[in-house]
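Dear colleague,

I am handing over the structure below, and after it I have set out what was found. Please read the notes with the coordinates open beside them.

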Amino acid sequence: MGRRLVPLTLDNLPDLPKPCRHCVFWELDPVSGEAAVQAGKPELEKEAWISAALLEWGSCGRVVYVDEVPAGFVLYAPAAYVPRSTAFPTSPVSGDAVQLMTSRVLPGYQGQGLGRVLVQTVAKDLVRRGFKAIEAFGDAKWSGPSCVLPADHLTAVGFKTVRPHPRYPRLRLELRSTISWKEDVEMAIDRLLGAVQKEPALRPL
């Protein structure tokens with residue numbers, strides 16, 4: 001099976017899973033997000049957010065395709081671009097880190113290591129851009145697909161808890177200690193993608 005990872009843009013935004021295309025959970029504060037939903041225009045707010053992030057900060061997401069079919073995505077940005085992050089009891093995100101907002105691998109493509117590949121791809125991008133870490137709010141009581149990633153998934157791909165909480169711990173992945181230099185990151189991505197291609201039934205995360 002052929003797999004490729006591409007930056008998220010307004011052109012491929014429709015390739016995100018249907019609920020995620022219009023979700024502004026992270027992109028707006030709780031009051032503004034509710035207002036956008038009530039007004040029936042969350043997809044416009046999503047497009048506006050992605051457009052602003054791309055123009056002002058740069059790449060803020062990746063989409064993974066399997067045989068040209070969208071199989072998953074990841075979204076990330078500095079906390080200044082993520083108003084919802086301040087609503088979490090374990091905020092704020094550290095000033096030297098970029099927030100991993102959300103990620104999803106679609107049913108039928110899970111258990112093949114794609115979730116790990118997406119995180120490693122974010123790490124590769126951020127190392128190149130000079131950031132020291134990735135942080136994320138995890139859900140310790142995750143029970144199904146949502147905007148907040150399960151805390152156990154984050155720990156499985158290398159994150160460590162930096163601020164505990166019974167429901168929403170904040171976790172951190174140190175880029176410099178996890179990946180010594182840029183070439184290591186690129187080699188890791190190549191190995192991961194190669195492993196996924198050769199062994200479609202890898203052990204689930």
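In this predicted model, Arg-170 and Glu-135 form a salt bridge in which the closest N and O atoms are 2.9 Å apart. Since Arg-170 belongs to strand 8 (residues 170-174) and Glu-135 to strand 5 (residues 133-139), the pair ties together parts that are 35 residues apart in sequence. Both partners are covered: Arg-170 is buried at a relative accessible area of 9%, and Glu-135 is buried at 0%.

Another salt bridge joins the side chains of Asp-139 and Arg-167, with an N to O distance of 2.6 Å. Asp-139 lies in strand 5, whereas Arg-167 sits in the loop between strand 7 (160-163) and strand 8, so this pair ties together parts that are 28 residues apart in sequence. Here Asp-139 is buried, with a relative accessible area of 7%, while Arg-167 counts as partly exposed at 31%.

The side chains of Arg-172 and Glu-174 also meet in a salt bridge, at 2.5 Å from N to O; Arg-172 is buried at 11% relative accessible area, and Glu-174 is partly exposed at 34%. Through shared partners, salt bridges join Asp-96, Glu-135, Arg-170, Arg-172 and Glu-174 into one network. The search of the whole structure finds nine salt bridges.

Turning to helix 4 (residues 114-128), its 15 residues should span 21 Å at 1.5 Å a residue, and this agrees with its end C-alpha atoms, which are 21 Å apart. Helix 4 is mostly covered, with 13 of its 15 residues buried, and it is followed by Gly-130, whose phi is positive, near 90 degrees.

With best regards

Terms used
Residues numbered from 1 in each chain as written. Predicted model: local features only at pLDDT ≥ 70, side-chain atom pairs only at ≥ 80, totals over all residues. Heavy atoms only, no water. Helix = DSSP H or I, 4+ residues; strand = E, 2+ residues; numbered from the N terminus. Expected span 1.5 Å × (residues − 1). Buried < 20%, exposed > 50% of the residue type's maximum accessible area, 1.4 Å probe, protein only. Salt bridge = Lys/Arg side-chain N within 4 Å of Asp/Glu carboxyl O.
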